[in-house]
Every structure is written in structure tokens, then in C-alpha cells.
Amino acid sequence: MSTASVDIGALERVELPSHVRTAFGVRERDCRPIAFGGLDCWRCGDVVIRPVFDHAQTAWSSRVLDTLEVDGLRIARPVRASDGRWVVAGWSACQYVSGSPEGRYEELVAASLRLHAATASVRRPRLLDDRENLTGRADAAAWGERTINLDQATGGQLFDELAGMRRQLRLPAQVVHADLFGTVLFDGDAPPAVLDLVPFWRPVEWAAAVIVVDALAWGGADPGLVGAWSHLDGWPQVLLRALLFRLALHAQHPGATAESLRGLELAAEVIASRL
């Protein structure tokens, strides 16, 4: 779920173990706590050390971002430990990049399209085959590939109402990052900075639509943002599937509330008028 979608409370900051600092070649006196991409992390000079919640995904993302070149984007390059590992005792590292999330949503969608032009040749990761978690179930449900039980009070009812509006959609799938909202950093006129890859095997248009849904629901975006990208193939239907994805995720999330659902209801009002 997007970091902005459900407030489940700030994570208690965990001290950075000395053996992790040693593994990534940083000194204790250079380390200070920072917020980075929605996470409580440690900045140690020009290196950011951050907690890992999915070892396989982090290792895969690091391997891809290590060599990925994207015109018009900055990338927080992953940093290997001294023994070559990407993850050490539940921590990973990357180069520090400046900036903070901002409501520059048209630029964010454009950045998504540039990123996915570069990931078009990335092979489908095997880790997607076994994604049995909230995100994987929500993704499959949104595309009608799986039926799951959803809490009716926190999004399930709206999901059921909108699911019947799906129409056949044939767009090529590839590796896309579908959690860019709130994690891309902007710093004045510098290119946007991408911090990681959260892989899905879906159309690039869908990944753009997820940003639009998130911006409408939780970013205070102008409804006109929907029309700004209407030239993309299959746009109304990928918007619908992006909305269903967020609804399915919300309706399974233990931190979901009626208040956090309200944003998705507002997004639904805008999107349903275009179907």
C-alpha cells in the first residue's frame, strides 16, 4: 500500500547495529537518523542505510538499479556490503540523493513513463510467482485474476460496485514500479530521484494510473490530472484497475479506516464519471 494511503503509525526507530555499519563501510560518528522515502533510515555521509522488509525484493531491486540508466531521472544507486551482499541483517544501503516528495504529479507521471521505458527489457522476476501477500492479492483481484474476501466497510463494497465496470483490456505487460507516489524525491530543478523498484508485471499505463489514483485520493490533486493523461492507451480502464487495486489493498489492510477510505471514494467519483 502506498505510504500515504493508510497511517499505521510511525515505526519505532531501530538502532543501526555496528556490524551493519562495518559491512557497508561507514563510521558511527558519520551516521544520523533521517526520513528517506517514507522510511526511518540512517544517513552516514553519502550513504543511506535503510531497513529491509522483503529481502528477495530488495536484492532484486538492487541488482536492477545497480546498472539501470534512465534519461531525466536520478537513481539512488544501491551500495554493496564489503562481501558483495545487497542485504545485511535486515538492512540495505544506497547512495544519498537530495530532495523530498512533492505534489508535482504531472512530473511524477512523466517520470514513471521514463522509468518504464528503461525497464522494458528487464525480465519478469521470479519473486512475483510467490507473492502471497496483501499487495499480490490486491493486484490479482483488481485484474479479475483472483477472488478474495474484502472487508465491505473499508473498501470491499465499493470494489464490488466498480468491478462490474471492467472491460476487456489488451496492453503489453512488463516490469513496472507501482509505488512511486510519495517515494520519488524532487529537489528544485534537479531531475526526480527514484529510490527503489517495487516490481509488478503490468502495463506501463497502469503504473501511471496508480500514481493518479494515489494523488487524487491522498495528495489533494486537481481532478484535471485524470484528463492530462487521457492520451495513454486504455486509459479509462487502467484507471479503473488502479483504483480497484488500491481498494482491494485498503480493504485487506489492518490499519484501514473509514477516514482513509474517504480519499479513495473521492477518487472513485472522478474516475467513474469517465468510464
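1. Start with a charged pair. Arginine 77 and glutamate 69 form a salt bridge, with their closest N and O atoms 3.2 Å apart. The two partners sit in unlike surroundings. Arginine 77 is buried, because its relative accessible area is 16% and buried means under 20%. Glutamate 69 is exposed, with a relative accessible area of 60%. Keep in mind throughout that this is a predicted model.

2. How many salt bridges does the model hold? The count comes to 15. In general, side chains of opposite charge can pair when their charged atoms come close. A further pair joins arginine 137 to glutamate 132, where the closest N and O atoms are 3.1 Å apart. Arginine 137 counts as buried, at 18% relative accessibility.

3. Another salt bridge deserves a separate look. The side chains of arginine 246 and aspartate 179 meet at 3.4 Å, N to O. This pair links distant parts of the chain, 67 residues apart. Arginine 246 lies in helix α8, while aspartate 179 lies in the loop between β8 (174-177) and β9 (193-194). Are these two residues buried or exposed? Both arginine 246 and aspartate 179 are buried. Elsewhere, salt bridges with shared partners join Glu102, Arg104 and Glu107 into one network.

4. Helix α8 is mostly covered, with 17 of its 18 residues buried.

5. A contact across the sequence comes next. Threonine 135 lies in helix α4 (residues 134-142). Threonine 135 is buried, with a relative accessible area of 19%. That value falls under the 20% limit for buried residues. Threonine 135 and glutamine 252 are 117 residues apart in sequence. In space, their C-alpha atoms are 9.3 Å apart.

6. Helix packing can be checked by angle. Helix α6 (residues 204-218) packs against helix α9 (residues 258-272) at about 120°, with the axes 7 Å apart. The two helices are therefore oblique to each other. The crossing of α6 past α9 is right-handed.

7. Helix α6 also packs with helix α3 (residues 105-118). Here the angle is about 160° and the axes are 9 Å apart. Why do α3 and α6 count as roughly antiparallel? Angles over 145 degrees are classed that way, so α3 and α6 are roughly antiparallel to each other. The crossing of α3 past α6 is right-handed.

8. Turn to the strands. Strand β1 (residues 31-36) pairs with strand β2 (residues 39-44) in the antiparallel sense, over 6 bridges. Which residues face each other? Cysteine 31 stands opposite cysteine 44 in β2. Alanine 35 has aspartate 40, in β2, as its bridge partner. The hairpin of β1 and β2 has 2 residues between the strands, and glycine 37 takes a positive phi near 60° there.

9. Strand β3 (residues 47-51) pairs with β2 in the antiparallel sense over 3 bridges. Tryptophan 42 stands opposite isoleucine 49 in β3. The hairpin of β2 and β3 has 2 residues between the strands, and glycine 45 takes a positive phi near 70°.

10. Last, a backbone point to look at by eye. Where does alanine 89 lie? Alanine 89 lies in the loop between β6 (87-88) and β7 (91-95). Its phi is near 50°, a positive value in a residue other than glycine. As a rule, most residues other than glycine have a negative phi.

Technical notes
Residues numbered from 1 in each chain as written. Predicted model: local features only at pLDDT ≥ 70, side-chain atom pairs only at ≥ 80, totals over all residues. Heavy atoms only, no water. Pairing = 2+ DSSP bridges. Helix = DSSP H or I, 4+ residues; strand = E, 2+ residues; numbered from the N terminus. Buried < 20%, exposed > 50% of the residue type's maximum accessible area, 1.4 Å probe, protein only. Salt bridge = Lys/Arg side-chain N within 4 Å of Asp/Glu carboxyl O. Axes fitted to C-alpha atoms, helices over the stretch in contact; angles between N-to-C directions. Parallel < 35°, antiparallel > 145°, perpendicular 65-115°, else oblique. Left-handed = near helix turned anticlockwise from the far one by under 90°.
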